[in-house]
Amino acid sequence: MSQLVQRAGGLPGLEAVIVTFYDAVLRDPMIGYLFARADRGRLIRTETELAARLLGATDVRYSGRPLPALHAPLRLTGGHFDRRTQLLREAMAAHDLPDDVQAAWLEHVTDMRPHLIAAADDCGPEAGRVVPAGTGRRLMIHASDPKGPDGRP
Ligand code: HEM
């Protein structure tokens with residue numbers, strides 16, 4: 001068991017965070033619908049194993065499916081991903097996880113981002129930002145769309 005996992009309260013501590021997290025995810029108006037047919041017990045078990053691995057545990061095995069192939073058919077957007085990350089952040093804070101445990105967990109989540117969302121759906125770091133008027137910069141509607149919002153290239 002790694003230091004970080006121990007300081008998160010071991011596997012029971014991680015599982016408690018994951019239970020809070022999925023309670024929020026499953027009823028969330030933005031992403032909850034995606035989980036309509038998912039098996040809650042399985043999600044909690046596999047996410048707990050994964051979190052332990054991400055935090056350095058070598059004596060825990062991830063028994064779930066490979067994540068990129070599992071998420072590809074969902075055609076996830078950057079918005080879906082960011083909403084899930086926010087709910088995870090809130091669940092970690094609700095359980096008072098130490099700051100360095102939270103930071104390490106979130107770092108791994110961020111690393112997985114490009115592997116789990118549909119590439120063409122992510123507009124990059126500019127997406128969703130308010131661009132100040134008159135700067136000459138334009139928001140891209142879609143990463144693969146060569147035209148601007150007004151239909152002109
Ligand atoms: C780093 C980010 C993510 C991680 C670590 C993660 C992890 C997982 C894990 C461990 C499972 C269960 C694996 C299994 O059943 O074998 C799962 C399933 C699932 N995930 Fe994610 N996920 C991530 C991002 C997302 C996002 C952003 C969404 C949508 C908002 C999402 C939606 C789903 C759904 C709907 C399932 C159930 C699919 C099914 O049972 O067919 N995931 N995820």
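## Basis of the model

The structure is a predicted model, in which local features need pLDDT of at least 70 and side-chain atom pairs count only at pLDDT 80 or more, while totals for chains, interfaces and linings use all residues. Residues are numbered from 1 along each chain as its sequence is written.

## Overall architecture

The chain contains six helices and zero strands, and its pattern along the sequence is α-α-α-α-α-α. Helices (H or I, at least four residues) and strands (E, at least two) are DSSP runs, numbered from the N terminus.

Of the 153 residues in the chain, 16% are buried. A residue counts as buried if 20 or more other C-beta atoms lie within 10 Å of its own, as exposed if 12 or fewer do, and as partly exposed in between, with C-beta atoms placed from the backbone. Among contacts between residues at least 6 apart in sequence, 67% join residues at least 24 apart; two residues are in contact if their C-beta atoms, placed from the backbone, lie within 7 Å.

## Surroundings of the ligand

The ligand is surrounded by 22 residues, the closest being Ala38, Gly64, Arg65, His80 and Met112. Two or more residues of this shell come from each of helix H3 (40-54), helix H4 (67-71), helix H5 (78-94) and helix H6 (99-116).

H3 gives the most to the shell, with five residues. By type, the shell consists of 14 nonpolar, four polar and four charged residues. Here Ala, Val, Leu, Ile, Met, Phe, Trp, Tyr, Cys and Pro count as nonpolar, Asp, Glu, Lys and Arg as charged, and the others, Gly among them, as polar.

## Helix H3

The buried residues of H3 are Glu47, Thr48, Glu49, Ala51, Ala52 and Leu54. Their cover includes helix H1 (3-7), helix H2 (10-26) and H6. Glycine 56, with a positive phi near 100 degrees, follows H3.

Histidine 115 is found in helix H6 and is exposed, because 11 other C-beta atoms lie within 10 Å. Histidine 115 and alanine 69 are 46 residues apart in sequence, with 9.4 Å between their C-alpha atoms.

Aspartate 96 lies in the loop between H5 and H6. Aspartate 96 is exposed, because 10 other C-beta atoms lie within 10 Å. The C-alpha atoms of aspartate 96 and alanine 8 are separated by 8.9 Å, although these residues are 88 residues apart along the chain.

Definitions and conventions
A residue is near a molecule or strand if its C-beta atom, placed from the backbone, lies within 6 Å of it.
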